[in-house]
Amino acid sequence: MTGCGTERYADWFFDLDGTLVDSAPDILRLLGGVLREEGLAVPKLDKGRIGPLLEDIIRGICPDLAPADLERIVRIYRARYRACPFDESPAFPGIPLLFERLSGRGCRLFVATNKPEDVTRRLLDARGLLPYLTGFACSDSVPGRRLSKAGMLALLMERHGVEPGTAIMVGDSALDMRGGQEAGMATAAALYGYGRRGALLETGPDFVIEDEAWTRVVRLSGGAAGLHEGRIA
């Protein structure tokens, strides 16, 4: 990328769902099916629900679920998602080229996601992105603990000797932006993803990516008066 100020970053951290991969069709189809089989009233499921932990997504849809019912639904969904061929989870159009360009510049690429490790590896491999990665971290990457997004970033930074000043976090949710900020790195909001635009901008990201092809990357320096636009080189 040129002209937008991202050239300084050597270590790139990405969220997965809604940032690298448009996984919503597979996720919502399987989750809606499980909930309906359980006899639950399921509202229209939209992409905006994706991002938090699975348990939190389900609680948001069915807030009155008993803990045992929630645990059973999570177990059934995860078993089905693990068997999913990911036919409806393509990489966003600009991502393969972006990874090729960044890797060619010598940048290190990482993923931090709430997905389990085994599913993350298989999805990244299915989309041809796994070979580009230096590492990835998930909510279950530390046995006996549930990592937050900031915890995943801290784990990767410690494992791979990443300094905050060389790093940038790219994601489509406020949790991604706050996680990156807590880790001391720059942040870039993927406005084409599943998060709400207003909520993302309220976190004060350093950059925004306006389109899923990554042809318009904008640096936010001091608000709208300081916009600097670039694109993938």
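# A tour from helix to core

Helix 1 and helix 3 pass each other in a right-handed crossing. Start there. Keep in mind that this is a predicted model.

**Stop 1: helix 1 and helix 3**

Select residues 24-37 for helix 1. The axes of helix 1 and helix 3 come within 10 Å. They cross at roughly 140°. That angle makes helix 1 oblique to helix 3. Angles over 145 degrees would count as roughly antiparallel, so this pair falls in the oblique class.

Which residues meet here? On helix 1, show D26, I27, L30, L31, V34, L35 and E37. On helix 3, show I73, I76, Y77, R80 and Y81. Those two groups meet.

**Stop 2**

Keep helix 3 on screen.

Helix 2 brings L54, E55, I58 and R59. Helix 3 brings L70, I73, V74, Y77 and R78. Look again at I73 and Y77. They take part in this contact with helix 2, and they also meet helix 1.

**Stop 3: a loop residue on the outside**

Move to D64. It sits in the loop between helix 2 and helix 3. Is D64 buried or exposed? Its relative accessibility is 74%, so D64 counts as exposed. The cut-off for exposed is over 50%.

D64 and M185 are 121 residues apart along the chain, and their C-alpha atoms are separated by 38 Å.

**Stop 4: two domains**

Zoom out and colour by domain. Domain 1 covers 11-22 + 90-229, and domain 2 covers 24-83. Domain 1 is therefore written as two stretches of the chain. The centres of the two domains, taken over C-alpha atoms, are 24 Å apart. How many residues make the contact? 12 residues of domain 1 touch 14 residues of domain 2.

**Stop 5: the largest core**

The largest nonpolar core has 54 residues. Select W12, F14, L20, Y81, I95 and W214, which touch the most other members. Helix 1 gives this core its largest share, seven residues. Where does the core lie? Domain 1 and domain 2 both give residues to it, so it lies between them.

There is also a second, separate core of 16 residues. Among its members are V142, M157, A167 and M169.

**Stop 6**

Most residues other than glycine have a negative phi. Two residues on this stop go the other way.

Select F86 first. It lies in the loop between helix 3 and helix 4. F86 is not a glycine, yet its phi is positive, about 60°. F86 counts as buried because its relative accessibility is 1%.

Next, pick W214. You met it as a core residue. W214 lies in the loop between strand 6 (207-209) and strand 7 (217-220). Its phi is near 60°, which is positive for a residue other than glycine. W214 is buried, with a relative accessible area of 1%.

**Stop 6: F92 and its contacts**

Stay with the loop between helix 3 and helix 4, and select F92. Its relative accessible area is 4%, so F92 is buried. Leave out residues up to four places away in sequence. F92 then touches G18, T19, L20, V21, D22, Y192 and E212. F92 and I209 are 117 residues apart in sequence, and 12 Å apart from C-alpha to C-alpha.

**Stop 7: F99 in helix 4**

Step along to helix 4, residues 95-104, and click F99. F99 is buried, with a relative accessible area of 0%. Beyond its neighbours within four places in sequence, F99 is in contact with F14, L20, L109, L129, Y132 and L133. Check the spacing to Y132. It is 33 residues from F99 along the chain, and their C-alpha atoms are separated by 6.8 Å.

**Stop 8: T120 in helix 5**

End at helix 5, residues 117-126, with T120 selected. Buried or exposed? T120 is buried, at a relative accessible area of 0%. Which residues does T120 touch, not counting those up to four places away in sequence? Show L16, T113, K115, F136 and C138 to see them.

Definitions and conventions. Residues numbered from 1 in each chain as written. Predicted model: local features only at pLDDT ≥ 70, side-chain atom pairs only at ≥ 80, totals over all residues. Heavy atoms only, no water. Core = buried A, V, L, I, M, F, W, Y, C linked by side-chain atoms within 4.5 Å. Buried < 20%, exposed > 50% of the residue type's maximum accessible area, 1.4 Å probe, protein only. Helix = DSSP H or I, 4+ residues; strand = E, 2+ residues; numbered from the N terminus. Contact = heavy atoms within 4.5 Å. Axes fitted to C-alpha atoms, helices over the stretch in contact; angles between N-to-C directions. Parallel < 35°, antiparallel > 145°, perpendicular 65-115°, else oblique. Left-handed = near helix turned anticlockwise from the far one by under 90°.
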